[in-house]
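I opened this model to see how its parts pack against one another, and I kept notes in the order in which I looked things up.

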Amino acid sequence: MAPDDRPAPSPYLDWEPERLPAEPPAWRRAPVLVGAVAALLVLALTGWLVVGRTDTGGAAAGSGGPAGTNQADVPPPVWESTPADDADPALATGDAAADAGAQTDDETDETDEQAEEPVEEQAEEQAGSGKEAGRQAQELEKLLSSSNSSRSDLTEAIDEAVLCERAGLDTIKDITNARRRQLTAARRLTVSALPDGAQLRDALVTALDASYQADLAFLRWARKLAADGCPGVGRDHPDYRRGLDWSKAAHEAKTRFVRTWRPVAEKYGLTVWKARQI
């Protein structure tokens with residue numbers, strides 16, 4: 001081909017595609033990554049130190065410390081030792097034992113005092129109870145003496161009533177009224193300090209009540225005798241026999257009473273009454 005016949009060169013023949021930069025090999029990328037990580041750690045540590053010092057300074061200022069005082073300039077606290085810290089453990093143990101012993105002695109003394117107090121109180125109570133028992137026994141003695149007087153007068157009054165004497169009727173009436181008062185007084189007796197006091201009082205009340213019923217029967221008989229002018233009315237009258245029956249019941253009750261009364265009378269130096277005397 002002739003030179004003139006060759007085609008004109010293309011303007012694009014000199015263009016080459018733009019090449020990408022070649023990546024470094026892997027052995028060169030590792031140091032770069034390590035350096036980046038190290039830089040990040042340094043930055044993080046620096047920030048942490050800055051924030052920590054700022055918080056410490058603020059806390060010191062808020063607690064009343066002087067402004068601008070460096071925390072590093074503040075001397076460390078000096079802990080004062082106490083006697084307990086400097087004391088010898090053996091001595092401390094001995095002191096504790098001595099204190100415990102003293103406390104035990106005090107408690108023992110208090111216990112002894114408390115044990116002595118009830119004994120003294122019991123002695124006082126027993127003494128007071130003895131005096132009260134003596135007083136109650138004397139009240140019973142007075143009542144028994146009054147009952148003895150009524151019994152002796154009743155026998156004589158019945159004999160006078162049989163002879164149609166007015167004095168017999170009046171005496172029986174007085175005895176009956178007196179017996180009623182004795183019965184009322186016996187029911188009101190205080191016998192709490194006496195041994196078997198309740199039993200003693202109940203036996204006396206039973207005896208005096210039977211005697212009172214006998215007196216009432218004899219009083220009705222004497223009134224009937226006086227009203228009829230003694231026309232043959234004697235000891236065979238029903239009221240007279242009723243009086244005898246009640247007198248028998250009263251004697252049995254008095255016998256039970258004197259058995260209970262005897263030790264009380266002997267203890268307090270009082271009369272040892274017999275059943276027929278009450």
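I began with aromatic rings, for which I let the rings of Phe, Tyr and Trp (its six-membered ring) pair if their centres lie within 6.5 Å. By that rule I count three aromatic pairs in this predicted model. One of them is formed by W221 and Y240, a tilted pair with 4.9 Å from centre to centre and 55 degrees between the planes. Since W221 belongs to helix 5 and Y240 to helix 6, the pair ties together parts that are 19 residues apart in sequence. I then checked accessibility: W221 counts as buried because its relative accessibility is 0%, and Y240, at 8%, counts as buried as well. Ring pairs also bring in F218, which is linked with W221 and Y240 into a cluster.

Confidence came next. The mean pLDDT of the chain is 74, and 58% of its residues reach 70 or more. Over residues 10-17 the pLDDT falls below 50, and I find zero contacts for this stretch beyond near neighbours in sequence. Residues 56-74 are also below 50, with five contacts beyond near neighbours in the model.

For the overall layout, I noted six helices and zero strands, which read along the sequence as α-α-α-α-α-α. Of the 278 residues in the chain, 23% are buried. Among contacts between residues at least 6 apart in sequence, 69% join residues at least 24 apart.

Which residues have the most contacts inside the largest nonpolar core? They are L140, L194, L204, F257 and W261, in a core of 24 residues. Helix 3 (89-162), helix 4 (166-187), helix 5 (197-227) and helix 6 (238-268) each supply at least two residues of this core, and the largest share, six residues, comes from helix 5. Apart from this core lies another, of 14 residues, which includes I172, I175, L219 and W221; this is the W221 of the tilted ring pair with Y240.

L143 is buried, because its relative accessible area is 9%, under the 20% cut-off. With neighbours up to four places away again set aside, L143 is in contact with Q182, A185, A186, L189, L204 and L208. What does Q136 touch, not counting residues up to four places away in sequence? Its partners are T190, V191, S192, A193 and L194, and L194 is among the residues with the most contacts inside the largest nonpolar core.

I then took helix 6 by itself. Helix 6 has 31 residues and reaches 43 Å from its first C-alpha to its last, close to the 45 Å expected at 1.5 Å a residue. A kink of about 35 degrees lies at W261, shortly before the proline P263. The buried residues of helix 6 include Y240, F257 and W261, along with D239 and K254. Just after helix 6, G269 takes a positive phi of about 70 degrees.

My last entry concerns positive phi values in residues other than glycine. C164, in the loop between helix 3 and helix 4, has a phi near 60 degrees, and C164 counts as partly exposed because its relative accessibility is 40%. D196, in the loop between helix 4 and helix 5, has a phi near 55 degrees. At 53% relative accessibility, D196 counts as exposed, the cut-off for that term being over 50%.

Terms used: Residues are numbered from 1 along each chain as its sequence is written. This is a predicted model: local features need pLDDT of at least 70, side-chain atom pairs count only at pLDDT 80 or more; totals for chains, interfaces and linings use all residues. Side-chain values use heavy atoms; hydrogens and water are left out. A nonpolar core is a set of buried Ala, Val, Leu, Ile, Met, Phe, Trp, Tyr and Cys residues joined through side-chain atoms within 4.5 Å. Buried means under 20% relative accessible area, exposed over 50%, partly exposed in between (1.4 Å probe, protein chains only). Helices (H or I, at least four residues) and strands (E, at least two) are DSSP runs, numbered from the N terminus. The expected span of a helix is 1.5 Å times one less than its number of residues. The bend at a residue is the angle between axes fitted to the seven residues ending there and the seven starting there. Rings of Phe, Tyr and Trp (its six-membered ring) pair if their centres lie within 6.5 Å; planes under 30 degrees apart count as stacked, over 60 as edge-to-face and the rest as tilted. Contact means heavy atoms within 4.5 Å. pLDDT is the predictor's confidence in each residue, from 0 to 100.
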